[in-house]
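This report describes the fold of a protein model.

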Amino acid sequence: MIYLDHNATTPIDRRVFEAMVPFLHERWGNPSSPYRFGYQARAAVEQARKRIADCIGCQSDELLFCSSGTESDNLALRGVARVLRSKGNHIVTSAIEHHAVLHTCRALEDEGLQVTYVPVNSDGVVDVESLARSLRHNTVLVSVMHVNNETGVIQPVDEIAAITKKRGIVLHTDAVQSAGKLPRRLTELGADLVTLAAHKLYGPKGAAALYVRAGTPLVSITTGGAQEHGLRAGTENVAGIVGFAEAVVLAFEGVESEAGRLRALRDCLEREVMYAVRGTRINGAQASRVSNTSSLSFQDVDGESIVLGLDVQGICISTGSACSTGEPEPSHVLRAMGLSSRDAQGTIRVSLGHATRQKDIDRTVWALLATVARLRQISSVRGAAE
Amino acid sequence: MEDESDNSNRKHEPLSGPMLFYNEVVIDHFMNPRNVNELPEAETDGFGLVGDPSCGDQMKLWIAVCDERIARIAFKSFGCPGAIATSSMLTTLAEGKSVEDARRITDDDVIEALGGIPEKKRHCSLLGVRALQAAIEDWEKRRTRT
């Protein structure tokens, strides 16, 4: 199998796995228990917190653990909206956010909040001027992702932070797709809240974090125990958190060389596909992108058919679009970038990772060319296939 | 990366069984669709063009009728694997049938012949059936004209 869907999830690194094992079957205590066996688990959680805090450049007590990037996003958005409700009820986000943010914003709209969805340009970059204009006296929160999951396009979070800071507005960024892919400390982005997830950087599923800059207003959205400073009730996923920390340390250690290696492979893939297949578009090509992601639109064919065509040959990629997941609409990200519904439907996402080698790229390029050519022969839509 | 053993070299389950979204018959009709072609106008007795606005899929279907039987049938399709496979199966069901029998083919017939398709892909199978009915209507119109 050639796995080229690392933006969906990544395999657990062997060193991460080994760090986790003791906490699954020997040191399985509850970190809140009042005896040494519990304290050992507590110590492991706190050590993990310190290791991640050092990597992203914050204090340990500014980092809280939860179960998923989605939960972290929910806590950031709902937690700030709730605590600042008396101050204002307007939230600003972008049109290309992950559903974890987008659907949470829609739910908050149902609860009476007002949300502005800022557009992006044709390369998928959030329009900062438009964002600045959308801010009101009652805006309490801005949430813009650091890197888009479909296109890999890096968003101008620094510029946005400069604006929100001046206005005293809380800024959240979902950095799930950038952590471990960019050589910079995430807290330097200037956001007050940052979402991270372990399984996107060779850690386990079920472990994630929210960085909360000291002094940022936030209330819990779950009720229960007093874990995580009372901001996230529930027994900590000790093994997951230990693995998360190991994964973050490993990711930031090798980030620059790995990013360079993946960029060369990704650029090779794009160059060869562009050369060999007419009617191909690289989405976000003119923007800064993380080096592992490629979003490709092929005229006159359906993305899900490309995905299955490659799956049959043992290659895992994903669509940028929809019919596959049962969603009626093609990708909201690509549509926001101005792609027609049909072009969005013909889009695939290839995302590289640690295991990717040149031979995998060569095989994938060959399989893509053959599959797209075959589907165009079947296609009833005329255009590039002519 | 020093860990060469990652995921690429390990043995994986073969691509079959209930893990797969589509069954093997559907995959076969997707990979090797039958009757993919366009009939030239001179040989066409009926033509149907339909689209599925819910997902952007589109299908064109041609029939040649001889003695009230579908002598030849051809299709082209822009769409997901479900649309391609069901269209392909539909053409094999309709080929050689009398026009009246072909008209009675339902999406359930196509799905049954394929051994089932995922629930959320059922709507794709309507595309071929509707295209065939449009082509038969076109054939009737052309016939009354001459």
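## Overall form of chain A

The model is predicted. Chain A contains 13 helices and 13 strands. Its C-alpha trace spans about 70 × 50 × 35 Å along the principal axes. A compact globule of 386 residues would have a radius of gyration near 21 Å, and chain A, at 21 Å, agrees with this.

Of the 386 residues in chain A, 54% are buried.

## The seven-stranded sheet

Seven strands of chain A form an open sheet with mixed pairing, in the order S2-S8-S7-S6-S5-S3-S4. The edges are taken by strand S2 (63-66) and strand S4 (114-118) of chain A; each has a single partner strand, so one side of each is left without a neighbour in the sheet. From one strand to the next, the twist averages 20 degrees.

Within this sheet, strand S6 (residues 170-174) and strand S7 (residues 193-197) of chain A run parallel and are joined by three bridges. A:His172 stands opposite A:Leu193, which belongs to S7(A).

## The largest nonpolar core

In soluble globular proteins, nonpolar side chains tend to be buried together. Here the largest nonpolar core has 91 residues, and A:Ile52, A:Ala209 and A:Val242 are those with the most contacts inside it. Helix H8 (residues 238-253) of chain A supplies the largest share of this core, eleven residues.

Leaving aside residues up to four places away in sequence, A:Val242 touches A:Ala19, A:Met20, A:Phe23, A:Ala44 and A:Ala48.

## A second core

A separate core of 57 residues is also present. Among its members are B:Leu61, B:Leu90, B:Ile117 and B:Trp139.

Terms used:
Residues are numbered from 1 along each chain as its sequence is written. Chains are lettered from A and ligands numbered from 1 in the order in which they are written. This is a predicted model: local features need pLDDT of at least 70, side-chain atom pairs count only at pLDDT 80 or more; totals for chains, interfaces and linings use all residues. Two strands pair if DSSP finds at least two bridges between them. Helices (H or I, at least four residues) and strands (E, at least two) are DSSP runs, numbered from the N terminus. Axes are lines fitted to C-alpha atoms, for helices over the stretch in contact, and angles run from 0 to 180 degrees between N-to-C directions. A nonpolar core is a set of buried Ala, Val, Leu, Ile, Met, Phe, Trp, Tyr and Cys residues joined through C-beta atoms within 7 Å. A residue is buried if 20 or more other C-beta atoms lie within 10 Å of its own, exposed if 12 or fewer, and partly exposed in between; C-beta atoms are placed from the backbone. Two residues are in contact if their C-beta atoms, placed from the backbone, lie within 7 Å. The radius of gyration is taken over C-alpha atoms; the globule rule is 2.2 Å times the number of residues to the power 0.38.
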